Structures are given as structure tokens and as C-alpha cells.
Amino acid sequence: MHAYVHIVDDDASFRAALERRLKLAGYRVVTYASARELLDQLPDDEGAGCILLDVRIPGMSGPELQGRLNELGSTLPIVFLTGHADTATTVQAIKAGAEDFLTKPIASEQLIEAINRALARHELARGRRTRLDSLRALLAKLTPRERQVFDLIVCGRINKQIAHELGTTERTIKAHRHQVMEKMEVQSLAELVSIAEQLGTRASGGEVKA
């Protein structure tokens with residue numbers, strides 16, 4: 001599947017030239033004359049893609065659009081383009097999660113490398129999000145009591161301690177533990193703890209996060 005590159009730049013001739021260049025390189029390209037135009041047609045971040053964003057565009061600036069996209073939860077990586085390199089703006093953009101900051105005129109090779117790095121990072125982020133969604137779906141299958149047992153297991157409690165804490169028998173906890181392992185599709189305690197770490201449900205010091 002071809003990746004989408006979203007170009008946001010108020011310079012029509014630059015947009016057109018960049019679009020031609022990237023289409024020849026095999027990308028699908030969508031262009032926008034302003035930040036507002038992109039927000040009105042918010043790109044889907046489920047597929048592979050990235051945004052090439054000019055820093056100085058009329059109305060909402062590039063960094064302002066970056067902030068808005070972050071607020072909206074967009075995961076599309078941003079590669080900034082600028083005709084006026086500015087250290088403070090560069091640092092601010094990178095800190096806010098920009099993939100790269102390129103100064104015009106941009107050599108084709110440098111641009112393609114930056115786009116490919118951005119696409120690779122997006123693919124990793126999408127893969128991780130898919131994995132977390134799958135784990136959350138498994139966790140949601142647990143009954144309220146199984147969830148209590150899960151939380152205590154990953155905090156390092158043994159069956160006897162869990163039974164005492166929940167006011168039940170060790171035999172009952174063993175049965176719950178078996179159900180937890182089966183529903184979470186794991187074979188070992190280590191795998192269960194790893195899932196809890198990935199989902200952020202395991203607190204330090206033996207405390208259970210809500």
C-alpha cells in the first residue's frame with residue numbers, strides 16, 4: 001500500500017513542484033494551501049503517512065498546527081519545511097514531536113530520506129497502538145474479580161496472599177488465576193507482568209493502579 005504525504009504550504013508553485021517530485025517517487029500526495037484546510041479535511045492516520053509542513057504559513061502557523069494536531073490525537077509524523085532556519089522554532093518543533101526540520105531548497109535525496117524515516121516511525125507507532133488495543137480488549141474480558149486477581153498477581157502477590165486479601169480460599173484464587181492466564185492468552189507470570197507494564201496498570205511499590 002502506498003503511503004500518503006500531506007503537503008501544507010501556501011506557495012502554490014512550491015506545492016505543485018513538490019507534489020510532482022513525490023508522485024514520481026511513488027507516494028500518494030494530498031496538498032493543502034493552509035493549516036485550516038488540513039484541519040477541515042483531517043487526514044486519517046490509520047494508514048501509512050506523514051505531513052510536510054511549512055513553518056510560516058498565513059493564519060495558523062506550522063508550529064500552531066502541530067500543537068492542534070497533537071491535541072486532536074493525530075499520530076501522523078511531521079517534517080517541517082522552512083525558508084528561514086530559526087534555532088528556537090526548530091527546538092520547539094522537535095520537542096513537540098516533529099520528525100525533522102528541513103531548510104528550503106531541499107535536495108530530493110534529503111527529502112525522501114526524511115519522509116522514509118517519518119513513515120518508519122509512524123509504522124512503529126501504529127503497530128504499538130494496535131498491540132495495545134488488542135491487550136486492552138483481552139483485559140476487558142476479565143470479570144471484576146478476575147481483574148482484581150490480575151492486578152494482585154502482577155504486583156507480585158502469591159495465591160495465599162491474594163486469597164487472604166480478597167477474603168476467599170486459595171483454591172478459588174488458583175481457579176481465577178487459571179482463567180486470567182487463559183483469557184489474557186499467556187503461559188507465564190512474566191508475560192502477564194509484561195502486559196501490565198505495557199498497559200500501565202502495574203504501579204511500583206506493589207500498589208495497583210485504577
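Biologist: At what angle do the axes of H6 and H9 cross, and within what distance do they come?
Modeller: In this predicted model, the axes of helix H6 (residues 144-154) and helix H9 (residues 189-199) cross at roughly 100° and come within 9 Å. Angles of 65 to 115 degrees count as roughly perpendicular, so H6 is roughly perpendicular to H9.

Biologist: Which residues make that contact?
Modeller: From H6 there are Phe150, Ile153 and Val154. H9 brings Leu189, Leu192, Val193 and Ala196.

Biologist: And how many are nonpolar, polar or charged?
Modeller: The contact of H6 with H9 has seven nonpolar residues, with no polar and no charged ones.

Biologist: Now H1 and H5. At what angle do they pack?
Modeller: Helix H1 (residues 12-24) packs against helix H5 (residues 108-140) at about 70°, and their axes are 12 Å apart. H1 and H5 are therefore roughly perpendicular to each other as well.

Biologist: Which residues of H1 and H5 meet there?
Modeller: On the H1 side, Leu18, Arg21 and Leu22. They meet Ser108, Leu111, Ile112 and Ile115 in H5. By class, that contact has five nonpolar residues, one polar and one charged.

Biologist: Different topic. What sits over the ring of Phe14?
Modeller: The charged end of Lys104 does, 4.2 Å from the ring centre. Lys104 also takes part in a cis peptide bond, the one to Pro105, with omega near -10°.

Biologist: Where is Pro105 found?
Modeller: In the loop between strand S5 (100-103) and H5.

Biologist: What about Glu185, is its phi positive or negative?
Modeller: Positive, near 60°, in a residue other than glycine. Glu185 lies in the loop between H8 and H9. For background, most residues other than glycine have a negative phi, and most peptide bonds are trans.

Biologist: How many aromatic pairs turn up in the whole structure?
Modeller: A search finds one.

Biologist: On to confidence. What does the chain average in pLDDT?
Modeller: The protein chain averages 87, and 94% of the residues score at least 70.

Technical notes: Residues numbered from 1 in each chain as written. Predicted model: local features only at pLDDT ≥ 70, side-chain atom pairs only at ≥ 80, totals over all residues. Heavy atoms only, no water. Axes fitted to C-alpha atoms, helices over the stretch in contact; angles between N-to-C directions. Helix = DSSP H or I, 4+ residues; strand = E, 2+ residues; numbered from the N terminus. Parallel < 35°, antiparallel > 145°, perpendicular 65-115°, else oblique. Contact = heavy atoms within 4.5 Å. Nonpolar A, V, L, I, M, F, W, Y, C, P; charged D, E, K, R; others polar. pLDDT = per-residue confidence, 0-100. Phe/Tyr/Trp six-rings, centres within 6.5 Å; stacked < 30°, edge-to-face > 60°. Lys NZ or Arg CZ within 6 Å of the ring centre and 35° of its normal.
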